[in-house]
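Please read this report alongside the sequence and the coordinates shown below. It takes up salt bridges, then a pocket, then a surface patch.

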Amino acid sequence: AVVSTQSTGTVIEFVTLFIVQYSYLNCFSDFGLGKSVDHLRSAAVSISIDDPILRYSITMSRISQAFQLLFDNFYLFSRLGLIRLEQGQMQSLSTKFWLYADLLNLIRAGYEIQREMKDQQKRQKSNLKNYNHSFYGTCKSVVKRRPDLFIDLAKNLADVWVPLNSLNITHHSPGVVGLCGTVSSVLSALTIWDRSLKLGSL
């Protein structure tokens, strides 16, 4: 009776572990691998953008995000014992592509903000009554018109410290890294709540 109970318990544990692994596999395959394909498709579209800086930054960012999710899945599958890979290497590669994506997103946001400020100055000069010579006045006008750019810039500025610290490029305390990650998550949630605050894809 004792052997039977132990056997039953072992079977239940095995079935439970299999269900958990299968659920994780389906969840991350649908989200990770599916999103990887979506990013690659988006990159195939953005490669036709006329502006060379936007073309490079957006396309390479999407490719980086695709590989980040891909190596995330490899890392997960390895942890679940589904494939044999060096987990540390998979995690490191995923973090590196995460960093590349953040840096490229910062380049895009910074470039678009600079372009918007130049356009704003031209508009102000054409309307002499509302012409404001100050840098602050120009920034204020751009923030009102394009808050999505500044939110994206702030989100990536906060987020970039997480992979930098993970790769030992910077050495901030866990509290600082946690705060940066929280700020990035809050700003991401804000763009989901209000779609007008999300930087659109070209």
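Predicted model: local features only at pLDDT ≥ 70, side-chain atom pairs only at ≥ 80, totals over all residues.

Arg115 is partly exposed, with a relative accessible area of 34%.

## Further salt bridges

The structure holds five salt bridges. Within helix α3, Glu112 and Arg108 lie four residues apart, about one turn of the helix, and their side chains meet in a salt bridge at 2.7 Å, N to O. Glu112 is buried at 5% relative accessibility, and Arg108 is buried as well, at 9%.

Arg145 and Glu116 form a salt bridge whose closest N and O atoms are 2.6 Å apart; because Arg145 lies in helix α4 and Glu116 in helix α3, the pair ties together parts that are 29 residues apart in sequence. Arg145 counts as partly exposed at 33%, whereas Glu116 counts as buried at 15%. Both belong to a network of salt bridges that also links Arg146 and Asp148.

## The largest pocket

The largest pocket holds about 1100 Å³ of space. It is lined by 33 residues, of which His39, Gln65, Asn105, Lys155 and Lys198 are the closest to its centre. The elements that give two or more residues to this lining include α1, α3 and α7, and the lining residues divide into nine nonpolar, 13 polar and eleven charged.

## A nonpolar surface patch

Leu85, found in the loop between α2 and α3, counts as partly exposed at 37% relative accessibility.

Definitions and conventions:
Residues numbered from 1 in each chain as written. Heavy atoms only, no water. 1 Å grid on protein atoms, 1.4 Å probe; cavity = no way out; pocket = protein on both sides within 12 Å on 5 of 7 lines; lining within 4 Å. Points joined across faces, edges and corners; volume = space filled by probe spheres on them. Nonpolar A, V, L, I, M, F, W, Y, C, P; charged D, E, K, R; others polar. Buried < 20%, exposed > 50% of the residue type's maximum accessible area, 1.4 Å probe, protein only. Salt bridge = Lys/Arg side-chain N within 4 Å of Asp/Glu carboxyl O.
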